[in-house]
Amino acid sequence: LLSTQIPEGLKRLPGPKPLPIIGNVLELSANPHLSLTAMSERYGPVFQIQIGMRPVVVLSGGETVRQALIKQGEEFSGRPDLHSFQYISDGKSLAFSTDQAGVWRGRRKLALSALRFFSTIEGSSSEYSCVLEEHISKEGMYLVEQLSTVMKANGTFDPFRHIVVSVANVICGMCFGRRYSHDDQELLSIVNLSHEFSQVASTGNPADFIPFLRFLPSRTMKAFMDMNDRFTQFVQKIVREHYISYDKNNIRDITDSLIDHCEDRKLDENSNTQISDEKVVGIVNDLFGAGFDTVSTFLSWAVMYLVTYPEIQEKLHQELREKVGMDRLPRLTDKSNLPFLEAFITEVFRHSSFVPFTIPHCTTKNTSLNGFFIPKDTCVFVNQWQVNHDPTVWKEPTDFSIERFLNADGMSINKLEAEKVMMFGLGKRRCIGEAIARSEVFLFLAILLQRLRFYQKPGQAPDMTPEYGLTMKHKRCQLSASLRT
Ligand code: HEM
């Protein structure tokens with residue numbers, strides 16, 4: 001980038017001076033979301049660092065991020081060819097691969113319509129308003145039972161260990177039409193490695209940029225490869241079974257609907273088969289992978305905040321008691337009646353910012369932002385953590401306060417404030433699972449809060465320090481819960 005000619009009228013990107021070979025990797029530290037936030041205070045909302053020999057542009061500030069991802073969305077919609085990404089879903093991931101724009105767009109459209117088909121709310125006359133609600137309600141109740149059983153046997157439980165199976169079961173139900181027991185070793189061996197996956201696929205992992213680091217022995221990298229292999233085999237086995245039992249007149253789940261799409265194309269002479277069958281059906285890899293780790297990490301954080309702020313937990317329970325009662329399960333349609341719960345969810349998203357960066361982007365052509373020149377194929381990091389903690393936007397950003405999202409009457413959500421929180425990216429690469437994720441976090445939390453009271457063992461305050469990754473996790477810990485009557 002340094003040797004690139006800057007077009008007239010445009011400025012060269014500011015940023016720290018890189019060292020030879022390693023660039024600015026030492027300054028990234030163990031917490032790139034914090035070090036890059038500190039750099040944005042010095043260099044502004046668009047600056048450049050170098051990781052190894054590769055220049056990377058870092059974006060901060062709500063307005064700049066909106067300008068890049070929405071107003072100039074097309075130019076910032078690519079993905080960089082990073083080393084670790086080639087191992088995810090055999091290099092054929094919708095979210096991480098460098099698919100050509102046309103192929104990515106086609107796959108994204110198919111994924112969105114498959115998700116919509118199984119999660120659109122169709123009125124509330126039947127017991128459940130959609131397949132998604134049915135899965136979440138049932139898994140929510142299994143989770144309450146499971147936690148009570150473990151409590152009776154051991155007196156404490158590890159929240160992530162149980163939440164992750166329940167959340168994985170919701171997405172397994174949608175994608176594959178099946179669920180797994182909380183002790184299923186095959187499922188556990190995949191969901192329990194999500195931690196290593198998250199570390200290797202994190203934004204700014206030096207091994208993605210500096211080739212010689214890839215040859216050093218690394219336990220985390222081995223676990224990452226292991227998880228990708230197991231994950232691919234797990235999904236491939238289920239897909240093969242679906243091909244055998246597929247029946248055009250009985251589409252059972254998302255895998256069937258994707259197979260159906262491929263079969264339809266074969267009958268249509270004019271169809272455009274630019275995207276291989278393998279890449280169409282491979283979409284379930286992305287939905288399953290993105291669908292369990294993000295939502296379970298959120299819910300696990302939410303339980304940690306409930307335990308840390310027992311007075312907020314009581315307030316949320318009382319709201320459910322008053323607005324829903326104790327005689328029926330909460331439903332998705334209760335959402336607009338539960339402003340405290342919605343404010344709590346929004347504040348957990350903002351305060352934890354557990355997806356600190358979007359997945360890295362890449363410019364698709366020469367472009368400029370805020371008057372700075374950015375060449376084609378430049379890797380771009382988007383710092384969501386900074387947007388959610390920007391002191392020019394948030395009063396006391398380090399405080400955990402659900403009031404910041406309530407209107408002055410204290411009884412309704414301040415939508416304008418809530419929309420400033422950034423967790424799902426924006427624009428063309430925005431998360432396609434957002435609606436599903438929001439339904440899941442709302443309904444799981446509502447069920448847990450209605451039925452259980454969470455607490456820590458006296459003198460054992462949970463450690464809330466996040467461990468950096470694609471999704472940041474809290475340290476695994478033991479909590480307790482009692483049933484509400
Ligand atoms: C992409 C966040 C749940 C599927 C993303 C991105 C973020 C994100 C930050 C990257 C956006 C970008 O690169 O600009 C979250 C959070 C979730 C969540 C915070 C839960 C709380 C889900 C769920 C699914 C899903 C439940 C699927 C059922 C995807 C896919 C992409 C994506 C397929 C890639 C989109 C693309 O590259 O075009 N998500 N996500 N996510 N998400 Fe989510």
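# A guided look at this predicted model

Student: Is I88 buried or exposed?

Tutor: I88 has a relative accessible area of 5%. Buried means under 20% relative accessible area, exposed over 50%, and partly exposed in between (1.4 Å probe, protein chains only). By that scale, I88 is therefore buried.

Student: What should I know about how residues are numbered and which atoms the side-chain values use?

Tutor: This is a predicted model, in which local features need pLDDT of at least 70 and side-chain atom pairs count only at pLDDT 80 or more, while totals for chains, interfaces and linings use all residues.

Student: Where is I88 placed, and which residues is I88 in contact with, leaving aside its neighbours within four places in sequence?

Tutor: I88 sits in the loop between α3 and α4; helices here are DSSP runs (H or I, at least four residues), as are strands (E, at least two), numbered from the N terminus. Contact means heavy atoms within 4.5 Å. Leaving aside neighbours within four places in sequence, the contacts of I88 are S93, F96, F197, A201, F224 and N228.

Student: What separates the C-alpha atoms of I88 and M227?

Tutor: Along the chain, I88 and M227 are 139 residues apart.

Student: Which residues does S84 touch, not counting residues up to four places away in sequence?

Tutor: S84 also lies in the loop between α3 (62–71) and α4. With 1% relative accessibility, S84 counts as buried. Not counting residues up to four places away in sequence, S84 touches V200, A201, D208 and F224.

Student: How far apart are the C-alpha atoms of S40 and S482?

Tutor: S40 belongs to helix α2 (residues 32–43) and, at 9% relative accessibility, counts as buried. Its contacts, neighbours within four places in sequence aside, are F47, S60 and Q386. S482 lies 442 residues from S40 along the chain, and the separation of their C-alpha atoms is 45 Å.

Student: At what angle do α4 and α10 pack, and which word describes α4 relative to α10?

Tutor: Helix α4 (residues 101–119) and helix α10 (residues 254–267) have axes 10 Å apart and pack at about 135°. Axes are lines fitted to C-alpha atoms, for helices over the stretch in contact, and angles run from 0 to 180 degrees between N-to-C directions. Under 35 degrees counts as roughly parallel, over 145 as roughly antiparallel, 65 to 115 as roughly perpendicular, and the rest as oblique. The angle therefore makes α4, relative to α10, oblique.

Student: Is the crossing of α4 and α10 left-handed or right-handed?

Tutor: A crossing is left-handed if the near helix is turned anticlockwise from the far one by less than a right angle, and right-handed if clockwise. For α4 and α10, the crossing is right-handed.

Student: How do the residues of the contact of α5 with α17 divide by class?

Tutor: Helix α5 (residues 131–154) and helix α17 (residues 434–451) pack at about 35°, with axes 9 Å apart. Their contact includes L132 and E133 of α5 and I436 and S439 of α17. Ala, Val, Leu, Ile, Met, Phe, Trp, Tyr, Cys and Pro count as nonpolar, Asp, Glu, Lys and Arg as charged, and the others, Gly among them, as polar. The contact of α5 with α17 divides into eleven nonpolar, three polar and four charged.

Student: What value is phi of D377 near?

Tutor: D377 is in the loop between β5 (372–374) and β6 (379–382), and is partly exposed, with a relative accessible area of 46%. Its phi is positive although the residue is not glycine, with a value near 65°.

Methods
Residues are numbered from 1 along each chain as its sequence is written. Side-chain values use heavy atoms; hydrogens and water are left out.
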